[in-house]
Amino acid sequence: MAEQQEQAAPDAMMTRIGQVVMLHHGGDREEARGRFLDLWGEIGEGGDPLHRCTLAHYLADTQDDPADELAWDLRALSAAEELTDGDVAERHRSLAARAFYPSLHLNLAADYVKLGRSEAARSHLRRARGAAGALGNDRYGDGVRAAIGRLELRLDGADPSHGGPGEDPGAVEGPGTVEGPGTVERPGPFGGSGGETLGPPRQRP
């Protein structure tokens with residue numbers, strides 16, 4: 001009954017996206033990227049904004065070029081801006097569209113850091129911090145807020161323990177799971193778990 005209350009309606013496309021996410025998490029990045037692109041072709045530029053937001057978010061994580069990653073993260077943000085609470089509630093009654101923004105802006109801030117564009121990074125980080133009030137006081141919300149704080153410190157030059165070669169600045173990849181020292185999964189807009197793909201939690205293999 002509780003699960004039925006949380007999940008308002010089945011969504012075949014979100015299920016298909018989730019299947020490719022599992023493939024990506026298993027380490028097959030190239031295959032996942034190809035399948036994500038196939039799904040993007042099905043959805044189209046004018047498709048369902050929740051589908052586009054989720055898929056663009058995951059596609060960003062499969063890119064080799066930071067500029068391509070940024071382009072997909074920008075598409076994810078653009079799609080999120082088309083969403084209403086009603087759109088999200090059709091899939092998950094306990095969520096609101098505003099819950100997307102902390103992680104989406106955090107991901108963009110991290111992209112801009114990698115591209116050496118610190119002012120753009122600070123702008124999105126401020127927006128992530130400003131939107132963080134939509135996050136719950138739970139493990140997921142704590143993970144997003146902590147990632148925002150770490151990237152703020154890094155941009156202020158006060159966090160020498162982060163930012164070595166090859167590191168993803170502010171990298172966060174899923175609902176707040178700690179993977180190792182200084183590495184927290186990159187959260188998407190939802191704090192769900194259990195393999196349910198409701199929105200864009202991301203993971204780098």
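## Close-up views of a predicted helical and stranded chain

**View 1. The whole protein chain.** In the protein chain, 61% of the contacts with a separation of 6 or more are between residues 24 or more positions apart, a contact being heavy atoms within 4.5 Å. This is a predicted model in which local features need pLDDT of at least 70 and side-chain atom pairs count only at pLDDT 80 or more, while totals for chains, interfaces and linings use all residues. Residues are numbered from 1 along each chain as its sequence is written, and side-chain values use heavy atoms, with hydrogens and water left out. The secondary structure comes to nine helices and two strands, which follow the pattern α-α-α-α-α-α-α-α-α-β-β along the sequence; helices (H or I, at least four residues) and strands (E, at least two) are DSSP runs numbered from the N terminus. Of the 205 residues, 49% count as buried, where buried means under 20% relative accessible area, exposed over 50%, and partly exposed in between (1.4 Å probe, protein chains only).

**View 2. The largest nonpolar core.** This core has 45 residues, and those with the most contacts inside it are Ile-17, Phe-36, Leu-55 and Leu-151. A nonpolar core is a set of buried Ala, Val, Leu, Ile, Met, Phe, Trp, Tyr and Cys residues joined through side-chain atoms within 4.5 Å. Among the elements that give two or more residues to this core are helix 2 (12–25), helix 4 (49–60) and helix 9 (139–155), while the largest share, eight residues, comes from helix 7.

**View 3. A stacked aromatic pair.** The structure holds two aromatic pairs, in which rings of Phe, Tyr and Trp (its six-membered ring) have centres within 6.5 Å, with planes under 30 degrees apart counted as stacked, over 60 as edge-to-face and the rest as tilted. Phe-36 and Tyr-58 are stacked, because their ring centres are 5.9 Å apart and their planes lie at 10°. Since Phe-36 belongs to helix 3 and Tyr-58 to helix 4, this pair ties together parts that are 22 residues apart in sequence, and both residues are buried.

View 4. Trp-40 and Trp-72 form an edge-to-face pair, 4.9 Å from centre to centre and with 90° between the planes, and the pair links helix 3, which holds Trp-40, to helix 5, which holds Trp-72, 32 residues apart. Trp-40 is buried at a relative accessible area of 11%, and Trp-72 counts as buried at 9%. Arg-75 lies over the face of Trp-72, at 4.2 Å from the ring centre; a charge sits over a ring if NZ of Lys or CZ of Arg is within 6 Å of the ring centre and within 35 degrees of the ring normal.
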